[in-house]
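My notebook for this one is below.

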Amino acid sequence: LTYGVGKSDVGNSVAVNTGGEILMAGTSDGKFNVVKFTGSGEVDTGFQTNFANIPAVYGNCNSVRFTPDGQHILLAGTSLETGTSTAITLVQLNLDGALDTTFGTQGVMTQGMGGYRDSNSISFDTEGNILVAGTGGTGGNQFSLVKFNKTGEPNEDFNGNSENATFISGYNFIGTSVTVDSNGDILMAGTRINFPSSNYCVFKLNADGTRNENFGDHGLLVRE
């Protein structure tokens with residue numbers, strides 16, 4: 001199955017609901033886009049999403065998930081903030097593709113602090129709050145994990161700082177995936193770049209965003 005929307009389409013993430021319906025999210029002509037297919041691969045023409053008038057969705061959509069209750073669709077990616085600065089961007093949709101206006105600001109939440117912020121993967125904690133993994137920080141690439149409440153507001157209790165984020169010290173880490181284990185601990189995977197080579201790495205956090213000191217080297221495991 002191949003499918004095109006614009007002149008330049010990139011598919012980055014896929015999700016499937018309990019009914020076997022398929023969501024494919026990515027970027028179309030420089031904007032967020034998501035397409036819904038039936039389980040047999042037909043385009044669901046009743047699913048209508050219009051991002052035309054939302055400036056925040058000009059960027060790359062990197063992840064799509066159904067929310068834990070199965071009632072909404074959450075997209076995460078990166079959008080241009082100002083100049084060369086980028087922002088974490090979340091968009092929540094109803095199941096028919098319309099924006100969920102109860103989430104964030106009319107369905108959209110952006111968080112930029114100047115500099116480079118990237119979101120590559122999303123997961124949910126045991127209470128349904130949102131975890132966003134990617135790259136951020138100032139001065140270089142660092143693992144970034146940001147937490148939002150299920151309604152889109154930043155969770156300011158996470159890691160005890162106003163940025164509702166955990167940045168892993170040390171440059172040249174790229175966070176690409178996040179999940180939550182059965183104990184509620186958070187696992188992030190990614191890459192440590194040590195030019196000219198690179199290494200697998202996994203970082204483990206407690207549910208409150210602090211390092212899990214019992215895992216690897218102060219929470220970080222690097223495969224040399």
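**Salt bridges**

I began with Asp181 and Lys204, whose side chains meet in a salt bridge at 3.8 Å, N to O (a salt bridge is a side-chain nitrogen of Lys or Arg within 4 Å of a carboxyl oxygen of Asp or Glu). This pair links distant parts of the chain, 23 residues apart: Asp181 sits in the loop between strand S12 (173-180) and strand S13 (186-194), and Lys204 in strand S14 (residues 197-205). Strands here are DSSP runs of E, at least two residues, numbered from the N terminus.

Some housekeeping before I go on: this is a predicted model, where local features need pLDDT of at least 70 and side-chain atom pairs count only at pLDDT 80 or more, while totals for chains, interfaces and linings use all residues. Numbering starts from 1 along each chain as its sequence is written, and side-chain values use heavy atoms, with hydrogens and water left out.

Buried or exposed, I asked of Lys204? Lys204 is buried, with a relative accessible area of 17%, while Asp181 counts as partly exposed at 21%. The cut-offs: buried is under 20% relative accessible area, exposed over 50%, partly exposed in between, with a 1.4 Å probe and protein chains only.

The structure holds 4 salt bridges. Another one joins Asp125 to Lys147, with the closest N and O atoms 3.2 Å apart. Asp125 lies in the loop between S8 and S9 and Lys147 in strand S10 (residues 142-148), so the pair ties together parts 22 residues apart in sequence. I found Asp125 buried at 15% and Lys147 buried at 10%.

I also looked at Lys36, which bridges to Asp44 with the closest N and O atoms 3.8 Å apart. Lys36 is buried at 11%; Asp44 is partly exposed at 23%. Glu21 joins Lys36 and Asp44 in a network of salt bridges.

**Cysteines**

How many disulfides does the structure hold? I got 0, taking a disulfide as a pair of cysteine sulfur atoms within 2.5 Å. Cys61 is buried at 0% relative accessibility, and Cys201 is buried at 3%.

**Sheets**

I traced an open antiparallel sheet of 4 strands in the order S4-S5-S6-S7, where pairing needs at least two DSSP bridges between two strands. Its edge strands, S4 (59-66) and S7 (108-111), each pair on one side only. The twist averages 20° from one strand to the next, from axes that are lines fitted to C-alpha atoms, with angles running from 0 to 180 degrees between N-to-C directions. S6 (residues 86-94) and S7 pair over 4 bridges, and Ile88 has Gln111 of S7 as its bridge partner.

The other open sheet I noted has 3 strands, ordered S1-S2-S3 and antiparallel. S1 (9-16) and S3 have a single partner strand each, so one side of each is left without a neighbour in the sheet. S2 and S3 are joined by 7 bridges, with Gly26 opposite Asn33 in S3.

Then S8 (residues 118-124): 7 of its 7 residues are buried, so it is largely enclosed by the rest of the structure. S8 runs antiparallel to S9 (residues 130-136), with 6 bridges. In their hairpin, Gly128 takes a positive phi near 90°.

**Cores**

The largest nonpolar core has 15 residues, with Leu23, Val34 and Val64 among those with the most contacts inside it. I used buried Ala, Val, Leu, Ile, Met, Phe, Trp, Tyr and Cys joined through side-chain atoms within 4.5 Å. S4 gives the most to this core, with 3 residues. Apart from it lies another core of 14 residues, including Phe143 and Leu220.
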